Every structure is written in structure tokens, then in C-alpha cells.
Protein chains: 2
Amino acid sequence: MKRFGPALVVAAGAALATAALAADPAPAAKPLSTADIIASARPADWRRLDPANTLYLELASGRIVIELSRFYAPAHVAAIRKMAEAHYWDGLAINRLQDNFVAQWGDPDNVRPVQKALPDLKLPLPPEFTRAIAKDLPFTALPDADGWASKTGFTDGMAAAQTGNEQWLVHCYGAIGVGRDNEADSGHGNELYVVIGQSPRQLDGNVAVVGKIWRGMELLASLPRGTDGGLGLYATPGQRVPIKALRLASSVPEGERTNLEVLRDDTPLFARFVESRRNRTEDWYLHKAGHIDVCNINVPVRDVK
Amino acid sequence: MKRFGPALVVAAGAALATAALAADPAPAAKPLSTADIIASARPADWRRLDPANTLYLELASGRIVIELSRFYAPAHVAAIRKMAEAHYWDGLAINRLQDNFVAQWGDPDNVRPVQKALPDLKLPLPPEFTRAIAKDLPFTALPDADGWASKTGFTDGMAAAQTGNEQWLVHCYGAIGVGRDNEADSGHGNELYVVIGQSPRQLDGNVAVVGKIWRGMELLASLPRGTDGGLGLYATPGQRVPIKALRLASSVPEGERTNLEVLRDDTPLFARFVESRRNRTEDWYLHKAGHIDVCNINVPVRDVK
């Protein structure tokens with residue numbers, strides 16, 4: 001008599017990769033499960049991460065794969081790419097772990113001022129907290145109501161939202177934001193945090209969100225929590241978690257890369273995937289929610305060669 | 001130049017306890033911050049946990065304090081209380097850690113069948129997934145819209161919701177649910193899980209939620225993730241995290257108890273506290289959300305003697 005409690009289908013890379021070329025299954029009497037739908041995806045339903053927009057955060061415990069957005073906060077993204085090329089973060093550390101909130105890394109002791117490390121970087125960076133809605137700015141809208149924004153949806157599989165004429169990346173689990181002081185332009189891109197708990201949507205529109213972690217979140221979310229200042233800062237430098245390296249995937253030899261594909265959000269298959277999360281078809285669910293929050297949709301990722 | 005990124009005021013016990021007797025501060029030109037509001041709370045704004053409804057989950061890393069609900073899932077709560085009195089979980093283990101979802105403990109190998117351990121327990125338990133709205137069932141409603149329910153709010157500081165004539169405890173961070181198989185009455189109360197990530201509201205109405213962890217969530221949320229079966233089960237028994245004891249606080253000598261108070265949700269002060277989370281008053285926030293989700297309100301807790 002095993003009771004496993006609630007099941008959450010996680011799109012595990014290896015298992016999915018083998019199923020990716022399968023044809024759409026024949027129509028069934030019962031709605032397809034999330035796993036069935038993902039297994040029926042065709043190659044064109046997936047988007048391969050571009051190594052030039054992908055960062056590897058290397059810890060002793062393993063590699064974390066970050067995608068920088070192609071569409072939001074371009075000045076911040078360019079600065080982060082330059083810092084990675086300059087090995088800015090190598091030897092620095094994760095210095096903040098606040099439970100149910102964020103993990104953060106950077107230069108808390110100010111031993112590597114950004115402008116000194118990158119004399120050519122133009123500072124301050126503009127406050128890229130939102131963007132104007134535009135034709136060339138993708139947005140796959142969800143029909144589901146949201147309390148924080150007029151609409152929610154996705155850009156490149158990253159949770160996004162719209163209100164009025166503005167569009168932005170949303171603080172869901174795995175979103176990467178740029179820490180700043182009180183002034184809007186005080187973030188230099190060297191202090192980065194990632195959401196590890198309940199989506200802190202109050203941060204939306206207050207910081208530049210620059211991308212998302214697609215692999216390795218568990219390595220950050222399982223780190224010991226810091227105890228200092230009510231902010232989860234590690235109380236002593238010795239508690240910090242060293243960063244072996246933070247590099248662009250394109251600077252890593254091809255044989256050492258982690259090649260990932262993310263399910264595209266602009267396909268009919270993605271809409272079916274979302275519906276399978278809105279109204280779960282697995283037998284375990286006796287009550288169907290009839291709703292989904294953008295932060296409850298974990299867009300599938302898989303390994304590829 | 002320190003950049004700490006977003007700040008989250010956490011109601012840390014010690015700091016608050018010293019401020020708890022302060023009188024309401026004089027009206028200020030600027031709205032009070034969350035910290036100011038909590039510091040201005042009077043003794044009657046707090047509710048002390050009842051040792052008869054409080055569980056201590058003791059791990060090698062420390063103590064986790066769970067409150068069993070006074071209002072929901074009474075048959076499950078009674079069964080759990082009996083199991084704790086019988087030391088049912090002592091020597092069992094946390095056997096499931098699924099990233100961004102749940103931590104779970106119980107009897108995965110079926111070495112302690114519940115009915116054998118507690119011959120007097122009447123099984124099966126009724127499916128106590130929701131309750132009928134009633135006058136004696138407290139509910140402090142939020143005005144904020146929610147996509148999953150008609151209304152959200154609080155009962156004893158635990159997140160709750162209403163739709164139609166039904167009311168239930170909501171799956172927010174720290175909520176404790178009873179694992180079950182596919183059948184509605186297949187949960188015996190011995191398999192318990194706690195939410196460690198983005199609120200999995202699709203579980204609402206599908207399981208009996210029996211209480212909430214008020215202290216020690218970081219001890220569970222920072223455990224290594226399991227890798228088995230896509231469910232976060234630990235792959236080998238050796239990876240499981242032993243439970244030293246799971247006891248009712250009332251069975252623990254008074255001098256060894258962790259005495260906590262939770263901010264009451266049925267006071268004017270609580271409404272001000274919520275407003276300070278809906279529209280942050282700290283200088284860091286350049287954009288105010290104008291909204292709050294029930295799962296983004298971390299009800300303050302403090303230590304008392």
C-alpha cells in the first residue's frame with residue numbers, strides 16, 4: 001500500500017528525447033495526459049537554446065543552465081554576456097539564500113567593482129523593467145485571469161505579462177533578476193538572483209528580469225538558507241557557495257556543453273499541454289481546477305545531442 | 001556599493017518579541033512599512049499555538065513546528081494526533097523531495113500498516129477535502145481576485161478559499177496535506193507532504209489539508225532532491241532523512257517546547273499588515289503591485305516564553 005501523494009509530471013530529458021519523434025497518437029476516448037502530449041511533440045515543437053544566449057553556472061555540485069532572454073532587458077543582457085566573457089563571477093560566490101524567496105550571487109564585499117573589471121561597459125544601465133508591447137515582441141497569451149497583470153503568457157517559454165502598453169518577464173520559479181539598490185539605474189548586472197519559492201510577483205516591474213534557469217534549479221533551491229539580516233545572507237564568508245565559473249555556453253568546447261531544447265510556446269501542441277495542466281487528466285485528480293497560473297506551468301525541457 | 005536585490009521582510013521571532021508591547025506609533029506622513037506594523041502589534045493581536053494541536057517534527061538538523069487545523073479535516077487531524085501519540089512516525093523517514101513541489105514523509109515500504117499500529121482507528125477516513133461554509137468556520141476574506149477560487153482568505157492564519165458553498169485550506173508554501181492513492185478515501189493520514197515551492201493550487205479540493213508549518217520550513221526546503229520516478233522519491237533508502245520523532249507538543253516537557261504566537265488574521269492590524277504587502281511602502285519599490293495573492297502573504301510568527 002504505497003501512498004505517494006500528489007504526482008507532478010516532470011519533463012525529464014532522457015525519457016522525452018526517445019519519444020520525440022513519435023507520431024501523434026490516434027484520438028483517444030480520454031483526454032491525453034501531459035506526459036502523452038509531450039511525448040507526441042514533433043521536432044519542430046521544440047526550440048534549441050542558442051549557446052550565445054546560454055550561461056553555465058558551475059558549482060561544485062554541478063552545472064546550472066541559464067538562458068538569457070532574446071527579447072527583454074537588452075542592455076542588461078549584453079552587460080551580463082560581457083561579464084561572463086571576462087570571467088567576472090569566477091571565484092565569487094552565492095552569498096544569499098532566503099527561504100521561499102531568492103538565491104543570489106555577486107560581489108557583496110565589493111572586491112570587483114564592475115567598472116574596473118569592464119572599463120568599456122557603459123554605466124549606468126537603463127532601467128529595463130518593462131518593454132512597450134510591439135509586433136516583434138512575442139507573447140503567447142493565456143486566457144486565465146491573473147491578479148497582478150491584465151494578461152499573462154509566455155515569451156520563449158519564459159513567463160511574461162502585459163498591462164496597458166507594457167510587457168515584462170514575470171517572477172516565477174527560476175526567473176533571473178538583476179539586484180539593485182533603491183535607485184532605478186543602480187543595478188549593474190553583476191548581482192543576480194533567482195526565484196526559489198512562491199512567485200514574488202510584487203517584484204515585477206521593479207527590476208530587470210534577464211532570463212531563466214532551465215536546468216539545475218534543485219542545486220540552488222536545496223542550498224542551506226542564510227541567517228543574516230532577515231535577507232538570507234550567509235552570516236560568514238565561509239558559508240558562501242563558491243562559483244567555479246559562470247561562462248557563456250558558446251565559450252565552452254562543444255563536447256562539454258549541455259544542449260537543451262525547450263518546448264515552443266507558439267504551437268497548437270503547447271496549447272494542448274497548457275490545457276492538460278489547467279484540467280489534469282490523470283486519474284488521481286478527482287477535482288479539476290479549471291484554471292492555471294502562469295507560474296504553475298513548468299515548460300518542458302529536454303536534453304539533445 | 002552593496003546590491004542586495006529585493007528585500008523581503010521576514011517576521012523573525014526574537015526581534016519582534018521585543019517590539020510587541022510597543023504602543024501604536026503616531027501617525028506618520030508616509031504609510032507604515034510591514035516591519036513597523038508588526039512592531040506595533042499588541043499582545044491581543046497574536047494567537048498562541050495550542051500544544052494539543054501542535055506537532056514537533058524532529059530531524060537531526062532541528063525542529064519543525066506544525067500546527068494542526070482546529071477547523072478542517074477533523075477526522076484526519078484526530079488520526080494524526082493519535083499516530084503522534086503512538087510514536088508512529090518515529091524512526092521512519094522523509095522519503096520524497098520533489099523540487100518546486102513537495103517534501104513527503106511516511107511509510108513507503110509499508111513496514112508499519114496504520115491499522116496494525118492503531119487497531120482502534122476507524123478506517124477509511126472520510127474525504128475531508130472541503131467543508132461547507134458555516135458561521136462557526138472562520139474566514140478572513142481578502143478583496144483580491146483569485147483565479148482558482150471565488151474568494152481567498154485566512155482561517156487561523158492558514159490560507160483558505162471559498163467557492164459556492166465550500167471552503168478549504170489552500171496549498172500555499174508550508175501547507176500540510178495527506179497523501180492518498182487514486183481513491184478519495186485512501187489516505188490514512190500517515191503519508192504527509194508539505195508544499196516547498198510554487199503553490200500547487202491544482203491540489204486544492206483533491207486532498208485533506210490538515211495544517212501548516214510555522215517554523216523550520218527551511219530545514220525541509222533545503223534537503224537534497226530525490227531523483228526517482230519523476231516524483232522526487234529518494235532512489236535508495238540510505239538517502240532518506242530519518243525522523244527522530246514526531247510528537248505532540250503537549251507530550252513534550254514544557255521546558256523543551258517551542259512556544260510560538262501567530263499574528264491573528266481577524267484584527268484591524270492584520271488588514272493593515274496585508275495592505276503593506278499589497279502595496280509595499282519600502283523605498284526600494286518603485287512600482288507598487290496593487291494586488292496580493294493569498295500565497296504571497298507570510299503571516300508573522302514569533303517566539304514567546
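How many residue pairs are in polar contact across the interface of chain A and chain B? The rule finds 14 of them, both partners at pLDDT 80 or more; a polar contact here is a pair of N or O atoms within 3.5 Å, where within protein one must be able to donate a hydrogen and the other to accept it, and residues adjacent in sequence count only if both atoms are side-chain atoms.

Keep in mind that this is a predicted model, so local features need pLDDT of at least 70 and side-chain atom pairs count only at pLDDT 80 or more, while totals for chains, interfaces and linings use all residues. Residues are numbered from 1 along each chain as its sequence is written, chains are lettered from A and ligands numbered from 1 in the order in which they are written, and side-chain values use heavy atoms, with hydrogens and water left out.

**The interface**

- On each side, 65 residues take part: 65 of chain A are in contact with 65 of chain B, contact meaning heavy atoms within 4.5 Å.
- About 5,900 Å² is buried between chain A and chain B, and carbon and sulfur atoms give 53% of that; buried area is the accessible area (1.4 Å probe) that two parts lose on being put together, summed over both.
- The side of chain A that touches chain B draws at least two residues each from strand S4 (93-98) and helix H5 (217-221) of chain A. Helices (H or I, at least four residues) and strands (E, at least two) are DSSP runs, numbered from the N terminus.
- H5(A) gives the largest share of that side, 3 residues.
- By type, the residues on that side of chain A split into 28 nonpolar, 23 polar and 14 charged. Ala, Val, Leu, Ile, Met, Phe, Trp, Tyr, Cys and Pro count as nonpolar, Asp, Glu, Lys and Arg as charged, and the others, Gly among them, as polar.
- Between chain A and chain B, the salt bridge count is 0.

**Symmetry**

- Rotate by 180 degrees, with 0.0 Å of shift along the axis, and chain A superposes on chain B at an RMSD of 0.0 Å.

**Salt bridges**

- Over all chains there are 28 salt bridges, each a side-chain nitrogen of Lys or Arg within 4 Å of a carboxyl oxygen of Asp or Glu.
- Asp156(A) and Arg70(A) pair at 2.8 Å, N to O. Asp156(A) sits in the S8-S9 loop of chain A and Arg70(A) in the S3-H3 loop, so the pair ties together parts 86 residues apart in sequence.
- Asp156(A) is buried at 12% relative accessibility, whereas Arg70(A) is partly exposed at 47%. Buried means under 20% relative accessible area, exposed over 50%, partly exposed in between (1.4 Å probe, protein chains only).
- Arg47(A), Glu67(A), Arg70(A) and Asp156(A) form a network of salt bridges.
- In chain B, Arg47(B) and Glu67(B) meet at 2.7 Å, N to O.

- Leu123(A) and Pro124(A) are joined by a cis peptide bond, omega about -5 degrees; Pro124(A) lies in the loop between H4 and S6 of chain A.
- Ala73(B) has a positive phi, near 45 degrees, though not a glycine, and is buried at 2%.
- Asp156(B), also other than glycine, has phi near 55 degrees.

Key. Copies are superposed by least squares on the C-alpha atoms of residues with pLDDT of at least 70 in both.
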